[in-house]
Amino acid sequence: MRERFFSGVLNRPWLVIVLTLLVMAAMAAGLPRLSFSNDYRMFFSEDNPQLSAFESLQDTYSKNDNVLFVITPRDGSVFTRGTLDSLVWLTNEAWQTPYSSRVDSITNYQHTEAEGDDLRVADLVEDPQALSDADLARIREIATHEPLLANRLVSPDGKHTGVNVTIQLPGKTLGEVPEVTAF
């Protein structure tokens, strides 16, 4: 059986080439309808109870994703004028990320201090180049002991930090995630 097949192929090469091209053309006819989706909903039926509950949860609260920039300075400390200056710059630039709704870092953390009878609320780091060594030590102490920062946006040893960008994707096109990634 195999011998007849192979001898037929070898004896009629033009017929095999034409048939191969016809089969490829027939298969290529479906290419315009080929599409990709990053929407997980396509794996579930519309009446799936878990999907309905999840969508209800997202409608009630929000659907957001995050981009986290992790920074580890070569000198081993986040709390230097140069690194804090770079963090201020990155925090400001991160606001330009497509679909961003919030940017958090140790530099824009809203720290509250009492001054007499008044409360002062300001960014933890405002002008890094103007900070004294005592200011740097105070910022380090606050950041590494503040529960909202320590082990979240700064490591307890002060060697690593992050800038977290909260993203709210509309979910209308496939290009949203690549757009954020490219930025």
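Author: Happy to! Three strands make up an open sheet, in the order 1-5-2, and their pairing is antiparallel. Here strands (E, at least two residues) and helices (H or I, at least four) are DSSP runs numbered from the N terminus, and two strands pair if DSSP finds at least two bridges between them. At the edges sit strand 1 (65-71) and strand 2 (100-104), each pairing on one side only. From one strand to the next, the twist averages 15°; axes are lines fitted to C-alpha atoms, for helices over the stretch in contact, and angles run from 0 to 180 degrees between N-to-C directions.

A word on the model before we go on: it is predicted, so local features need pLDDT of at least 70 and side-chain atom pairs count only at pLDDT 80 or more, while totals for chains, interfaces and linings use all residues. Residues are numbered from 1 along each chain as its sequence is written, and side-chain values use heavy atoms, with hydrogens and water left out.

Back to the sheet. Strand 1 and strand 5 (residues 161-167) run antiparallel and are joined by seven bridges. For Ile-71, the bridge partner in strand 5 is Thr-161. Packed on this sheet is helix 4 (residues 81-94), which touches strand 1, strand 2 and strand 5; contact means heavy atoms within 4.5 Å. The direction of helix 4 makes about 10° with that of strand 5.

Because Arg-81 lies in helix 4 and Asp-133 in helix 5 (residues 133-145), the pair ties together parts that are 52 residues apart in sequence. Asp-133 counts as exposed, at 58% relative accessibility, whereas Arg-81, at 27%, counts as partly exposed; buried means under 20% relative accessible area, exposed over 50%, and partly exposed in between (1.4 Å probe, protein chains only).

Arg-138 is partly exposed, with a relative accessible area of 34%. Through shared partners, salt bridges join Glu-113, Glu-115, Arg-120, Glu-126 and Arg-138 into one network.

Technical notes
Salt bridge = Lys/Arg side-chain N within 4 Å of Asp/Glu carboxyl O.
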